[in-house]
Structures are given as C-alpha cells and as structure tokens.
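This report describes a protein model together with its ligand. The sequence and structure are shown first, and the description follows.

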Amino acid sequence: MKIAVIGTGYVGLVTGTCFANKGHDVICVDVIEEKIQKINEGTVPIFEEGLDEMLKDVVSKKKLKATLNMKEAITNSELIYICVGTPSKEDGAFDYVYLKDAAQKIGEVIKELDEYKVIVVKSTCSPGTTMNLVKPILEETSQKTAGKDFGLGMNPEFLREGVAIKDFLNPDRIVVGGIDEKSQEIITKSYEGFESPFLNVDPTTAEMIKIASNSFLAMKISFINEIANIAEKIGSDIQDIAKGIGMDDRISIRFLRAGLGYGGSCFPKDIQALHRQSVEMGVPSDLLKATMKVNEAQPLRAAEILIEEMDDRSLENRKIGVLGLAFKPDTDDVREAVSITLIEYLLERGAKVFATDPIAIKNFREILNHENLTLTSKVEDVLTDSDACILVTEWKEYLNLSPSTFKELMKIPLVIDGRRSLDAEKFRNEEITFKSIGLGR
Ligand code: UGA
C-alpha cells in the first residue's frame with residue numbers, strides 16, 4: 001500500500017519505518033527540514049534500538065522517503081497516518097495545535113483530489129478527539145464528507161520506547177477504530193501479515209482503550225510502590241511480594257517493578273489528561289488522582305531514606321552521587337523523569353549532586369542547570385568521595401558495577417537502590433550500608 005505518515009517524531013518514524021519494512025511504500029512528512037534530510041540519508045534523529053539499521057535498509061531500498069511537501073505525500077498515498085505530537089498544556093489537557101494543523105493541511109489537499117483517501121489518527125488524544133475535532137476540520141477544509149468522500153479512523157499505538165520496533169511488529173493487539181466498514185477494512189489492510197489479534201471499535205472507543213491502558217499500567221506501578229513503602233516498614237522485600245502477587249495470572253508480574261515511580265512522555269501526560277476529562281465530565285476518577293499523587297511523592301522516598309541515614313539529618317554540602325537520569329534504561333529521554341524531581345529536591349537541601357547517565361546527559365542539561373549540579377559521563381567521578389549514592393535508572397552498566405568499586409571510591413559507603421535492582425546481600429558483604437525502595441531488611 002502507499003502510506004503517508006505525518007510527523008516524524010518517535011511514533012511517526014517507528015510507524016513509517018516498520019510499515020516500509022513490511023513492504024509498503026511510505027512517505028514521511030515533517031516541517032523540520034533538517035529532520036527530512038537526515039531521514040533521507042538513512043540517519044535516525046532520535047535514539048531507538050534497531051531503528052537506525054531498519055531505516056537505512058528501507059531508505060536504500062527506496063521503500064521510504066521523507067518530504068516537507070504534504071501535498072506530494074497525500075496525493076501519492078491511499079492511507080494517511082497522523083502521528084504528530086500531542087504534548088500537555090499548562091492545565092494538563094492535551095495540546096492539539098499540531099493535530100489541528102495536520103488535519104487542516106490534509107483537508108486542503110484532499111479538497112483538490114478525486115481519489116478516496118483514509119485518514120488515521122495515531123497520535124494519543126482524549127476520547128472524542130477524532131470525531132469532534134479532526135473530523136469537523138477535515139470536512140470543513142476539504143468541503144467533503146467523512147464516510148462518503150474520504151475514510152477516517154483512529155488506530156492507537158502501544159509502543160514502549162527502547163523496544164518500539166518489537167512492539168510495532170509484534171503487538172499484543174491492533175485496535176482499529178474506523179468510522180465505517182470501508183475505513184476499517186483499509187486500515188486493517190495496512191497490517192496484513194501481522195499475526196496479532198484485531199479489535200474493531202469506533203474511534204472514540206479506540207482513543208479510550210489507549211489512554212485507559214496507559215492509566216492502568218501507571219496505576220499498577222503506583223500500587224506496587226505503595227506496597228513497597230509498606231514492605232519497608234513490615235520488614236519484607238517487595239521483589240518477593242511482587243513475585244507472589246504476579247504469579248496470579250489475573251494480575252501478572254509485568255509492570256509490578258517497584259521504584260521511584262514512572263516518568264516519560266506518555267504516562268504522566270495521559271493520566272493527567274484523562275483525569276482532567278473525567279472531572280470536566282462530572283465523573284471525577286479518584287483512582288487516577290491517587291495514581292498521580294503516589295507518583296509525585298515516590299521520587300522523594302530516596303531522599304527521605306538518605307536523610308534518615310545521615311548522622312546530622314542534613315544534606316548541606318554532602319556529595320550525593322546519582323546513577324541514571326533517563327526516565328528508564330535504554331533511552332536518552334528525560335521528559336518527566338523522576339531524576340529531575342529528586343535532584344531538584346537534593347539541591348534545595350544544599351547537597352552537591354554529581355550525576356551520570358550513559359546517553360541522557362545532553363538532554364538533562366537542557367532541563368536542569370545548577371551551580372551545585374555536576375553532570376559527568378564518568379561513574380568514577382560520581383562515586384569518588386561521595387557521602388551517598390542513589391541508583392535512579394537501572395541501566396545494565398550500573399547493575400554490573402561491583403560493590404567493591406562503591407566501597408573503594410565512596411567516602412561513606414551508603415548506597416540507595418531506587419529501583420530494587422541491586423543485590424543487597426553482595427553490597428552488605430562488602431560492609432556497605434545498603435538501602436532500597438521496598439526492602440525492609
Ligand atoms: C508507555 C507504555 O508502556 C506503552 O504501551 C505506550 O504505547 C507508551 O507509553 C505511549 O503511550 O506511547 P513508555 O513510556 O515508553 O511506554 O515506557 P514504559 O516502559 O511503559 O515505562 C514507563 C515508566 O514506568 C518508566 O519510567 C519506567 O521506569 C516505569 N515503570 C515501568 C516502573 O516504574 N515499573 C514498572 O514495572 C514498569
């Protein structure tokens with residue numbers, strides 16, 4: 001099929017590249033010239049495992065190209081996936097400025113065309129957006145009718161950063177929310193050869209499935225983090241508890257890793273937007289509110305543990321090492337990362353923070369600068385002469401560090417595991433004071 005992908009951010013680029021890999025002819029559209037150039041050279045402007053090679057391959061086989069020219073892309077495609085960003089506004093609602101712009105430009109192009117096109121929203125949005133925002137804009141600008149002159153649908157993405165290619169090619173399910181049978185069929189055809197189950201629903205239900213899935217996963221994380229905080233007090237280990245709970249098929253162990261909370265560009269913004277919508281609609285969700293509240297407090301648990309361990313209960317002029325800045329391992333993304341909340345708190349209390357990350361330092365620097373914050377690529381600089389060290393992101397390279405390295409380099413061997421990922425026994429054998437989220441012994 002001939003497919004246009006509007007927006008070459010993380011979702012758009014993965015979607016376009018994977019569709020091209022599956023044999024479709026893909027044209028990606030963006031408004032940033034530099035990005036277009038890079039894509040056409042086969043270079044990935046973002047960090048995503050495996051994307052680089054796949055993009056190079058499809059570009060060299062001429063299955064994917066990028067352009068600034070929306071008209072060219074739409075004219076030459078039967079299916080148009082909208083993958084533009086929907087960031088948060090100050091008030092927590094989704095900002096549809098890019099979505100509206102894309103819909104308007106698509107409408108203007110299809111006004112001049114006779115061929116039937118199907119427009120698919122892939123951007124995450126509040127339930128009702130495709131029908132109440134995108135459809136009217138398309139109809140108004142094109143002077144045509146959805147369901148008659150062009151097709152329309154919503155097809156949410158369930159991609160995790162770092163494993164997005166795998167998630168795209170082997171999804172647990174493919175949710176297709178077409179406005180009519182014809183749209184449904186054409187959208188489904190783009191996934192020909194996929195062995196995953198399909199679920200056909202209306203666009204608003206598709207939007208709700210996406211945002212409710214993220215909310216549920218975030219709720220699981222906040223739940224296990226609350227249990228972790230209790231586990232510390234009752235003298236148990238959250239790892240054993242999560243294992244025991246997760247052995248029940250109805251619950252499952254996935255997304256029951258306790259730690260400093262969730263971050264990233266999806267969970268925080270999606271839950272906030274759904275909560276806001278629930279309030280506006282007069283059915284306020286207490287569970288979503290509680291999920292957010294637990295998550296806001298959780299990064300500071302590491303600081304609380306730290307302060308409890310200091311003989312004078314003060315962080316003034318203490319050198320605190322931070323291992324990991326990205327919102328999760330294998331990405332350079334620091335959006336809404338718990339490292340930001342935690343480091344800000346430590347700095348407010350007068351600590352001198354030395355932080356490192358394998359690839360996210362550059363992005364972190366753009367978010368936070370402070371005279372008492374040193375960002376370094378060397379783990380050694382973080383640990384040397386430090387009064388304590390906190391593991392914030394569970395990068396493999398940090399989990400592989402030997403406890404003796406901590407012992408040798410640190411001034412006070414106090415290690416706080418913010419992800420319940422390190423082997424407590426090994427650290428304690430080295431006479432290191434080892435504390436962890438959810439570890440009560
Ligand atoms: C999330 C969803 O998992 C995807 O299905 C969804 O498509 C995507 O959002 C999106 O809406 O685009 P992502 O944000 O890439 O994907 O990352 P996750 O792997 O889900 O992790 C999110 C956060 O939760 C991270 O900060 C991670 O450290 C934290 N987490 C995850 C936990 O604290 N515990 C867990 O057990 C799992």
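## Ligand surroundings

A residue is near a molecule or strand if one of its heavy atoms lies within 4 Å of it. In this predicted model, 20 residues surround the ligand, and the closest are Glu157, Leu159, Glu161, Lys210 and Asn214.

A polar side-chain atom of Lys210 is 2.5 Å from a ligand oxygen atom, and a polar side-chain atom of Glu157 is 2.8 Å from an oxygen atom of the ligand. Phe327 contributes a polar backbone atom, which lies 2.8 Å from an oxygen atom of the ligand. The ligand taken alone exposes 710 Å², of which the protein buries 95%; accessible areas come from the Shrake-Rupley method with a 1.4 Å probe, and for residues only the protein chains shown count as cover.

## Domain arrangement

The protein is divided into domain 1 (2-201), domain 2 (211-296) and domain 3 (299-436), with bounds from an automatic or database domain assignment. The centres of domain 1 and domain 2, taken over C-alpha atoms, are 30 Å apart. Their contact (heavy atoms within 4.5 Å) takes 16 residues from domain 1 and ten residues from domain 2.

## Interface of domain 1 and domain 2

About 1000 Å² is buried between domain 1 and domain 2, with carbon and sulfur atoms giving 49%; buried area is the accessible area (1.4 Å probe) that two parts lose on being put together, summed over both. In domain 1, Gly92, Phe94 and Pro127 lose the most area to domain 2, together 34% of what that side buries.

One salt bridge is found across this interface, under the criterion of a side-chain nitrogen of Lys or Arg within 4 Å of a carboxyl oxygen of Asp or Glu. The side chains of Asp91 and Arg276 form a salt bridge at 3.4 Å, N to O. Four residue pairs, both residues at pLDDT 80 or more, are in polar contact across the interface of domain 1 and domain 2.

## Basis of the values

Residues are numbered from 1 along each chain as its sequence is written, and side-chain values use heavy atoms, with hydrogens and water left out. For this predicted model, local features need pLDDT of at least 70 and side-chain atom pairs count only at pLDDT 80 or more, while totals for chains, interfaces and linings use all residues.

Note on methods: A polar contact is a pair of N or O atoms within 3.5 Å; within protein, one must be able to donate a hydrogen and the other to accept it, and residues adjacent in sequence count only if both atoms are side-chain atoms.
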